[in-house]
Amino acid sequence: MTSKTWSRVGVPALLLALAVAAPVLAQTAPPAADAASAVPAAAAAPTVNKGDVAWMLTSALLVLMMSVPGLFLFYGGLVRAKNMLSVLMQVAYSVCIVGLIWVLYGYSLAFTGGSPFIGGFSKAFLSGVTGESLAATFSVGVAIPEWVYIAFQMTFAMITPALIFGAFAERMKFSAVVLFVPLWVTFVYFPVAHMVWYWAGPDAIDAAAKAVAAAADGTAKTAAQAALDAVLADAGYIFSLGAIDFAGGTVVHINAGIAGLVACIMVGKRLGYGKEALSPHSLTLTMVGASLLWVGWFGFNAGSNLEANAVTGLAMMNTFIATCAAGMSWMFVEWLVKGKPSMLGLASGIVAGLVAVTPPSGFAGIMGSLVLGLIVSPICFIFCTAIKNALGYDDALDVFGVHGVGGIVGAIATGILVSPSLGGTGIYDYTTGAVAAYDMTAQVIAQLKAVGVTVVWSGVGTAVILFVISVIVGLRPSTDVEREGLDINEHGERAYHS
């Protein structure tokens with residue numbers, strides 16, 4: 001039923017399950033002389049492994065490196081020199097402001113109960129979080145400190161809105177960006193993160209399932225089953241659909257990709273788009289940035305297992321192989337179509353592979369990831385060239401073409417690649433303590449529903465937010481400012497001095 005998503009330990013649900021089981025155990029207990037040996041022991045407190053903690057702290061830093069300096073350099077090199085600093089400023093602003101919002105209310109909205117669509121404010125200002133509070137992993141009885149989990153998830157929230165900037169690069173006022181990021185993470189990112197990743201946790205489900213098994217009569221079983229149903233229902237909407245997303249294909253990439261598409265259309269095209277060369281000013285910096293993104297992505301994908309074990313190794317290998325395959329695939333397709341293999345094409349393929357393998361990274365087999373990498377690059381290449389040109393939208397740095405399309409391909413493919421018959425892990429069912437029977441059709445349908453919900457939520461939410469901002473401060477600078485460059489006019493600095 002469940003998938004490898006992120007959550008807090010479901011302590012309230014665990015206590016509820018034990019409360020249901022306790023009367024049953026009392027009713028069926030043998031005489032007092034044998035009671036001590038016959039009654040099951042209370043559930044042991046989750047244990048914390050220092051190796052898991054060290055890996056998760058490292059993973060959080062790797063994901064931060066994806067933003068600063070990875071995305072800095074990747075996006076910065078792709079724009080013209082007169083707008084280099086504007087991109088760096090926007091990404092740095094996203095990292096800083098989202099970090100503050102995260103500890104004020106973002107973590108609470110994303111990862112506490114409330115409704116299927118958004119959490120509540122029970123952990124606003126990190127209320128109740130202490131050095132003793134724990135967050136669940138994906139193994140029953142194994143946890144990490146909640147501080148560590150908060151830090152890891154914060155880095156995901158930091159980079160997601162920053163990805164959107166590539167779609168409207170070189171043409172949005174910084175004042176508009178300042179308003180956009182807080183509004184977007186509040187009304188788009190946090191709800192989608194909650195819908196995809198919030199659940200009661202393995203410990204709560206395991207305890208409730210054991211209470212059902214221990215119930216002796218009809219009344220007790222009915223009560224225990226109701227408690228289990230309540231635990232299972234304590235989940236985000238997309239999670240409850242049965243969709244799986246190991247590391248953020250929906251939450252990060254489809255979410256940002258669709259927002260980027262909407263934004264580039266609403267903001268409008270760059271001056272001179274389609275009429276004059278708008279060439280990247282430093283592909284060297286872009287390739288350095290792509291390399292940092294790849295290294296950081298191991299924290300993104302392998303870190304999403306929340307433990308240091310075999311599944312972590314699987315996610316790491318998939319992140320290697322799918323990316324290698326996608327890089328080669330894009331290079332050869334571009335060579336065939338355009339006559340020359342470009343370094344920008346290779347870098348784009350690397351990122352496309354990283355995006356596509358994100359949702360199945362801990363579910364797919366290695367060969368499945370290889371095939372995914374080979375497939376995703378030609379699809380993204382078509383969207384970044386023929387389809388973008390045909391429809392005429394100016395997605396400056398191909399946020400939709402790579403992140404949106406690559407994320408959609410990866411999310412849907414996850415429903416296929418998780419199949420044990422294709423080398424995948426299958427989907428673990430915590431109610432039975434075993435891998436569940438696999439139905440590819442049902443899983444692909446669940447994945448399609450997840451994609452659909454994310455596309456609609458992100459698209460509509462982004463459009464409303466940009467409309468409000470356009471009324472308040474406007475979206476674009478003047479024509480003169482845009483022609484001279486955002487660096488000197490918006491920030492009073494130049495990236496380079498001759």
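Guide: Helices are DSSP runs of H or I with at least four residues, strands are E runs of at least two, and both are numbered from the N terminus. The model discussed here is predicted.

Visitor: Where is the place of L126?
Guide: Phi of L126 is near 55°, a positive value in a residue other than glycine. The residue sits in the loop between α4 (84–111) and β2 (134–136).

Visitor: Does L126 count as buried or exposed?
Guide: The cut-off for burial is under 20% relative accessible area. L126 has 14% relative accessibility, so L126 counts as buried.

Visitor: In which loop is the place of L306?
Guide: L306 has a positive phi near 65° and is not glycine. Its relative accessibility is 0%, so L306 counts as buried. The loop of L306 is the one between α11 (283–301) and α12.

Visitor: Which peptide bond is cis, with omega near 15°?
Guide: Look in helix α3 (residues 50–78), where P69 lies. The cis bond, with omega near 15°, runs from V68 to P69.

Visitor: Which residues is Y189 in contact with, leaving aside neighbours within four places in sequence?
Guide: Y189 is among the residues that touch the most other members of the largest nonpolar core. Contact requires heavy atoms within 4.5 Å. Beyond its sequence neighbours, Y189 meets Q153, F156, A157, T160, W184, W197, V251 and N255.

Visitor: At roughly what angle do the axes of α6 and α10 cross?
Guide: On the α6 side the contact uses W184, V188, Y189, V192, A193, V196 and W197; on the α10 side, T250, V251, N255, A256 and A259. By class, ten of these residues are nonpolar, two are polar and none is charged. The crossing is right-handed. The axes come within 10 Å and cross at roughly 145°.

Visitor: What is the handedness of the crossing where α10 passes α15?
Guide: The axes of α10 and α15 (residues 399–417) come within 8 Å and cross at roughly 140°. From α10, the contact takes G249, H253, I254, A256, G257, I258 and L261; from α15, V399, F400, H403, G404, G407, I408 and A411. These divide into eight nonpolar, six polar and no charged residues. The crossing of α10 and α15 is left-handed.

Visitor: Why are α12 and α14 oblique to each other?
Guide: The axes of α12 (residues 310–338) and α14 (residues 366–391) come within 7 Å and cross at roughly 40°. Angles under 35 degrees count as roughly parallel, and 65 to 115 as roughly perpendicular. The crossing angle of roughly 40° therefore makes the two helices oblique.

Visitor: How many charged residues does the contact of α12 with α14 have?
Guide: The crossing of α12 and α14 is right-handed. By class, the contact has 17 nonpolar residues and six polar ones, and the charged residues number two.

Visitor: What separates the C-alpha atoms of A325 and L370?
Guide: A325 is found in helix α12. At 8% relative accessibility, A325 counts as buried. Beyond four places in sequence, A325 is in contact with L370, G373 and L374. A325 and L370 are 45 residues apart along the chain, yet their C-alpha atoms are separated by 5.8 Å.

Visitor: Which residues does P161 touch, not counting those up to four places away in sequence?
Guide: P161 lies in helix α5 (residues 146–164). It counts as buried, at 0% relative accessibility. Its C-alpha atom is 9.8 Å from that of Q90, 71 residues apart along the chain. Outside its sequence neighbourhood, P161 touches S94, V98, V181, W184 and V185.

Visitor: By what distance are the C-alpha atoms of M172 and V267 separated?
Guide: M172 is found in the loop between α5 and α6, and counts as buried at 1% relative accessibility. Beyond four places in sequence, M172 touches Q90, V177, V267, L466, L475, P477, L486 and E490. M172 and V267 are 95 residues apart along the chain, and their C-alpha atoms are separated by 7.3 Å.

Technical notes. Residues are numbered from 1 along each chain as its sequence is written. This is a predicted model: local features need pLDDT of at least 70, side-chain atom pairs count only at pLDDT 80 or more; totals for chains, interfaces and linings use all residues. Side-chain values use heavy atoms; hydrogens and water are left out. Axes are lines fitted to C-alpha atoms, for helices over the stretch in contact, and angles run from 0 to 180 degrees between N-to-C directions. Angles under 35 degrees count as roughly parallel, over 145 as roughly antiparallel, 65 to 115 as roughly perpendicular and the rest as oblique. A crossing is left-handed if the near helix is turned anticlockwise from the far one by less than a right angle, and right-handed if clockwise. Ala, Val, Leu, Ile, Met, Phe, Trp, Tyr, Cys and Pro count as nonpolar, Asp, Glu, Lys and Arg as charged, and the others, Gly among them, as polar. A nonpolar core is a set of buried Ala, Val, Leu, Ile, Met, Phe, Trp, Tyr and Cys residues joined through side-chain atoms within 4.5 Å. Buried means under 20% relative accessible area, exposed over 50%, partly exposed in between (1.4 Å probe, protein chains only).
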